[in-house]
Amino acid sequence: MLVAPNFAPKTSTSPLALGWGLQAFVQYGPDLGSWTWDFVVGASMTAASFGARKNDFVYRSAGTSARGPLSFDGAYYHPELFVRYKILSGYDVSPSIEASTGLMWLKIENGVMSAAESTQGNHNVRSFGHGGATASLGLSLDYEFVDYLHLGATVDYTHIFMGFFPDSVATNMTISYRWW
């Protein structure tokens, strides 16, 4: 999947901070009588890599500190548990609402900070990581274009409870196969 995190681009020639990612998920629709497949629970795991810049970074090392933009290579890992409910079922096109919660771990590597407020030049920043809980709400649209084969689109807002990584709005496209 294409990843566009809510950071500034790593270089001034890039229009966006872009990267790549992979997501895998499993879901189960418990047999709830007439609600079968209207209510789904599941788990997903996302891993992504990108290059970006955080414009207002505070660097602290050996009793000194500096503030300025940090250019870095980032990777995040995000396992989640989710629930999804079909608002309108029984049709080829069905909208759903979904909610999820999870944990996100962000790893920062190859960091170079331009010390805008000092004359000390650039600082190489050692690798570090941040982790935090996440909560998401989203809307999705699922289209069954061939028996058991579905094409889906999702827009979701994710709040990340850590200071370094900003909240995000994501769009996902999925192709899935349901075998019963």
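Student: Which pattern does the protein chain follow along the sequence?

Tutor: Strands and helices here are DSSP runs, numbered from the N terminus: E for strands, at least two residues; H or I for helices, at least four. In this predicted model, the protein chain reads β-β-β-β-β-β-β-β-β. That comes to nine strands and zero helices.

Student: What ground rules apply to the numbering and the atoms?

Tutor: Residues are numbered from 1 along each chain as its sequence is written, and side-chain values use heavy atoms, with hydrogens and water left out. Because the model is predicted, local features need pLDDT of at least 70 and side-chain atom pairs count only at pLDDT 80 or more, while totals for chains, interfaces and linings use all residues.

Student: How do I read the radius of gyration of the protein chain?

Tutor: For 180 residues, a compact globule would have a value near 16 Å; the protein chain has 20 Å. The box tells you about the proportions. Along the principal axes, the C-alpha atoms fill roughly 70 × 30 × 20 Å.

Student: How far apart are the mean positions of the positive and negative charges?

Tutor: Lys and Arg count as positive, Asp and Glu as negative; His and the chain ends are not counted. Each charge is placed at NZ of Lys, CZ of Arg, CG of Asp or CD of Glu. Here there are 10 positive and 14 negative charges, with mean positions 14 Å apart.

Student: Which residues have the most contacts inside the largest nonpolar core?

Tutor: In soluble globular proteins, nonpolar side chains tend to be buried together. A nonpolar core is a set of buried Ala, Val, Leu, Ile, Met, Phe, Trp, Tyr and Cys residues joined through side-chain atoms within 4.5 Å. The largest one here has 22 residues, and those with the most contacts inside it are Phe50, Leu70, Phe72, Tyr76, Leu106, Phe164 and Phe165. Strands β3 (39-61), β4 (64-86) and β5 (93-114) each supply at least two of the core residues. The largest share, five residues, comes from β3.

Student: What is Leu70 in contact with, beyond its sequence neighbours?

Tutor: Contact means heavy atoms within 4.5 Å. Leaving aside neighbours within four places in sequence, the partners of Leu70 include Ala52, Phe57, Ile108, Val125, Phe128 and Phe164. For the whole chain, look at sequence separation. Of the contacts between residues at least 6 apart in sequence, 57% join residues at least 24 apart.

Student: Is Tyr59 buried or exposed?

Tutor: Buried, because its relative accessible area is 15%. Tyr59 lies in β3. Tyr59 and His123 are 64 residues apart in sequence, yet 8.5 Å apart in space, C-alpha to C-alpha. His123 is also one of the contacts of Tyr59, as are Met113 and Asn124.

Student: Where is His78 found?

Tutor: In strand β4. His78 is buried, with a relative accessible area of 6%. Its C-alpha is 4.5 Å from that of Met104, 26 residues away along the chain. Contacts of His78 outside its sequence neighbours include Ser44, Leu103, Met104 and Thr134.

Student: What is the phi of Asn110?

Tutor: Near 55°, a positive value in a residue other than glycine. Asn110 sits in strand β5. Asn110 is exposed, at 52% relative accessible area. Gly111 also lies in strand β5, but Gly111 is buried, at 5%. Among the contacts of Gly111 are Leu70, Phe72 and His123.

How values were computed: The radius of gyration is taken over C-alpha atoms; the globule rule is 2.2 Å times the number of residues to the power 0.38. Buried means under 20% relative accessible area, exposed over 50%, partly exposed in between (1.4 Å probe, protein chains only).
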